[in-house]
Amino acid sequence: MTLDTTLLAETPEGIAILLRPAGAVPRTLAYALDWFIRFIAFAIVAGVLSSVKGVGVGLMLIVYFGLEWLYPIVFELLPGSATPGKRALGLQVMMDTGLPVTPSAAVTRNLLRVADFMPVAFAFGLLAMLLRRDFKRLGDIVAGTLVVHAEQVRLAGALPQAEPLAPRMPLTRAQQVAILHLAGRARRLTSERVDELAALAETALPPPDYAPGRASPPPIRPGPRLLAVAQWLMGQR
Amino acid sequence: MSMTPRQFEARYEPLWVELERGLDALDKGKPGKKARKLKAGEFQTEATPVAGAARIAQLYRQCCEHLALARERAYPVHLVARLETLTARAHQRIYRRHDFGLGSLRDLILYDAPAAVRALRWHLLVVVLVFVLAILVVGVATWFDPHFVLTVVDAKSVRMFDGMYGQEAGEHLGRTSGDDWQMFGFYIMHNVGISFQCFAAGLMLGIGSLVMVGYNGLLFGAIAGFLVTRGDSERFFSFVVTHSAFELTAIVLSGAAGLKLGHAVLAPGRLTRTQALMRAARETSPVVFCFFVMLIIAAAIEAFWSSAGWIAPGVKYGVGACCWALVFAYLGLQGRGHAAFPAGAGGAR
C-alpha cells in the first residue's frame with residue numbers, strides 16, 4: 001500500500017494520468033470562501049433590491065435560490081471546472097476517469113450536498129471524505145466525480161549541467177533511475193545534502209582519480225561526480 | 001543501445017511544443033486554422049497536412065506514445081512529468097463533452113425525461129401509495145374530528161391556514177401577505193427545498209424519502225381535511241388544483257428518485273454498492289431535471305394564477321384538470337417507442 005494519496009486514471013490511449021484528490025481541509029476552506037463570496041453577492045443584491053417593495057423581495061429570494069443551488073453547478077461546468085473558492089485554492093472538479101465533469105454529474109453532486117450535510121454541519125460528507133482514500137463525499141461517490149489539486153507538484157527539474165563521466169560499472173535500470181531522480185532534485189537540495197546522498201552510491205560512481213579520456217580530473221566530492229554520471233546516463237558523451 | 005533521453009528530447013520536443021502552443025491557443029479561445037477537408041476516399045495519416053483540432057488529436061496520440069516510452073525506459077523525472085502534464089491537458093481538451101447545445105436539451109425534454117420517469121414506475125407506485133395513504137388517513141381523521149389537525153400541525157399554523165383560505169381571506173388566496181413576485185420567490189425556495197430533501201434523503205436506504213414524502217402527505221391531508229370541515233373546501237381546492245398537478249407530481253417524483261438511490265444501496269444486485277449507486281444516479285438524473293422544472297412551473301402558477309381571487313372557481317377547476325391531464329400525458333405517453341433511453345441517456349449498462 002502506497003502512502004501518498006494519488007490515483008491513476010487510465011485513458012483510452014492506454015496511458016495512466018495521475019490525479020491528486022484534495023482532502024477535507026482545502027475543500028472546507030474552499031467551501032468557506034465560496035460561502036463568503038455568496039454572502040457578499042447576496043448582501044449587495046439585497047441592498048439594491050430592498051428599496052423595491054414586493055418584486056424586490058421576490059427577486060431577492062430567487063437570487064438566494066440561485067446562489068444556493070445554481071452557483072456551484074454553473075461554475076463547475078465553465079472552463080476551469082471550479083467555483084471561485086476552489087479556484088482560489090487550486091482545486092478542480094473532474095470525473096474520476098480524469099475527464100471534465102459532465103452536466104448531469106455536476107447537478108447530481110451539488111444536489112446531494114443535502115445528503116452530505118446531514119445530520120449536522122456536513123457530518124456525513126466529512127466522514128465519507130475521511131474514510132476514503134480518494135476523499136469523496138457522498139455526492140462525489142454517487143456522481144462519480146473527484147475534487148483534485150489542479151497543479152502537479154514539481155519535485156524534480158532539469159538536470160544541472162556537468163561534464164559527463166562514465167559510471168564505474170554497468171548500472172541496472174533501478175540504479176540508473178535512482179541516480180537520475182537524485183540529479184533531478186539536486187537543485188532543490190543544498191550541495192552538502194547532495195554529497196551525503198551521493199556518497200551512498202559511491203560504489204557506482206567513478207573514483208576521483210580515474211578518468212580515461214577526460215581533460216580535467218573528475219571532481220573530488222561525490223555530489224558533482226553523481227551529477228556528471230547522470231549527464232552520461234542522459235546520453236551526453 | 002536504445003535512444004538516450006537527450007536524443008529522445010531533441011527529436012520529439014518540436015511536437016510537444018506544437019501541442020503546448022495548440023492547447024494554449026484553445027484555452028484562449030482562439031482555435032487554429034480550420035482543418036483542410038479530407039477528399040473522398042482519403043484517410044487521415046501522419047502525412048496528411050492537418051491543422052487545428054485534428055492536428056491536436058494527432059499530436060496527442062503521438063505524445064501518449066512518447067509518455068509510454070519515457071516511462072518504460074525510465075527517462076528522467078522532469079521529462080516524464082512534462083509529458084504527463086501535456087497529455088493530461090490534451091486529454092481534458094479532447095474528451096470534453098461537446099453536446100451542451102440545444103439538441104441534447106431537446107432530447108432530454110422530448111424523450112429521456114418521461115422515459116426515465118416511466119422506468120421508475122415501481123418506485124413511483126410505492127411513493128404514490130405512501131403519499132396518498134398519508135393524505136387519506138389524516139384527511140379522513142381530521143374530517144371526522146377537526147381537533148385531530150392539532151396532532152399534525154401546531155395551533156399557530158392552523159390559524160395561519162385559516163387566514164389564508166378561510167372566510168376572512170382577502171382577494172389573494174393562499175397567503176397572509178405579500179404580492180405575486182414575492183410569493184413566487186418564496187414558493188421556489190420552499191418547494192425546491194422539500195423536493196431536494198425527499199431526493200437526497202433517499203441515500204438513507206430509501207427510508208428517508210418515504211418518511212419525507214409521508215410527512216408532506218400528512219401535512220397536506222391535515223390541512224385539506226381541516227379546511228373541508230370548516231366549509232372552505234371550494235376556496236382551498238380551487239387554489240391548489242392547478243399548481244398541484246406540477247407540485248405534487250414533483251414531490252412524488254423526487255421521492256421515487258430518492259427511493260431508487262436507496263434501493264441501489266440496499267440491493268445492488270451484481271454490482272458493488274458504489275457502482276449500483278452511480279448507475280442509479282445516472283438513470284435518475286433526467287427525473288431530477290424533470291421535477292426541478294416542474295417545481296418552477298408550479299411556483300409560477302401558484303404565485304400568479306392560483307392565488308387570483310377574481311377568477312371563478314369553475315375556470316380554475318377546468319384549467320387544473322387540463323394541467324393534470326397534460327402532466328399525465330407527458331409522463332405516460334411522450335416519447336414512447338423512441339429508443340434513445342436507456343442506451344443513450346442511461347449511460348453504460
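In which sense, left-handed or right-handed, does H8(B) pass H10(B) in their crossing? The crossing of these two helices is right-handed, where a crossing counts as right-handed if the near helix is turned clockwise from the far one, and as left-handed if it is turned anticlockwise by less than a right angle. The model is a predicted one, in which local features need pLDDT of at least 70 and side-chain atom pairs count only at pLDDT 80 or more, while totals for chains, interfaces and linings use all residues. Residues are numbered from 1 along each chain as its sequence is written, and chains are lettered from A and ligands numbered from 1 in the order in which they are written.

To stay with this pair, helix H8 covers residues 180-200 of chain B and helix H10 covers residues 233-266 of chain B. Helices (H or I, at least four residues) and strands (E, at least two) are DSSP runs, numbered from the N terminus. The axes of H8(B) and H10(B) lie 6 Å apart at an angle of about 25°. These axes are lines fitted to C-alpha atoms, for helices over the stretch in contact, and angles run from 0 to 180 degrees between N-to-C directions. H8(B) is therefore roughly parallel to H10(B); that label covers angles under 35 degrees, with roughly antiparallel over 145, roughly perpendicular from 65 to 115 and oblique for the rest. On the H8(B) side, the contact includes Asn191(B), Ile194(B) and Phe199(B), and on the H10(B) side it includes Glu247(B), Ala250(B) and Ile251(B). Here two residues are in contact if their C-beta atoms, placed from the backbone, lie within 7 Å. Sorted by class, this contact has seven nonpolar, five polar and one charged residues. Nonpolar means Ala, Val, Leu, Ile, Met, Phe, Trp, Tyr, Cys and Pro, charged means Asp, Glu, Lys and Arg, and the others, Gly among them, are polar.

H10(B) also packs with helix H5 (residues 121-144) of chain B, at an angle of about 125° and with the axes 8 Å apart. H5(B) and H10(B) are therefore oblique to each other, and H5(B) passes H10(B) in a right-handed crossing. Among the residues making this contact are His123(B), Leu124(B) and Phe131(B) of H5(B), together with Val252(B), Leu259(B) and His263(B) of H10(B). By class, there are eight nonpolar, three polar and one charged residues.

A residue is buried if 20 or more other C-beta atoms lie within 10 Å of its own, exposed if 12 or fewer, and partly exposed in between, with C-beta atoms placed from the backbone. Among contacts in chain A between residues at least 6 apart in sequence, 65% join residues at least 24 apart.

Arg20(A) sits between E2 and helix H1 (24-49) of chain A and is partly exposed, with 17 other C-beta atoms within 10 Å. Arg20(A) and Asp134(A) are 114 residues apart in sequence, yet their C-alpha atoms are 8.5 Å apart in space. Phe135(A), in the loop between helix H6 (123-131) and H7 of chain A, has a positive phi near 55° although the residue is not glycine. Phe135(A) is buried, with 21 other C-beta atoms within 10 Å. Leu205(B), another residue other than glycine, has a positive phi near 60°. Its place is the loop between H8 and helix H9 (207-229) of chain B, and with 15 C-beta neighbours inside 10 Å, Leu205(B) counts as partly exposed.

Finally, the two chains meet: 46 residues of chain A are in contact with 42 residues of chain B. The elements giving two or more residues to the chain A side include strand E2 (16-19), helix H2 (55-77) and helix H8 (173-185) of chain A. H2(A) provides the largest share, nine residues. This side of chain A divides into 28 nonpolar, 15 polar and three charged residues.
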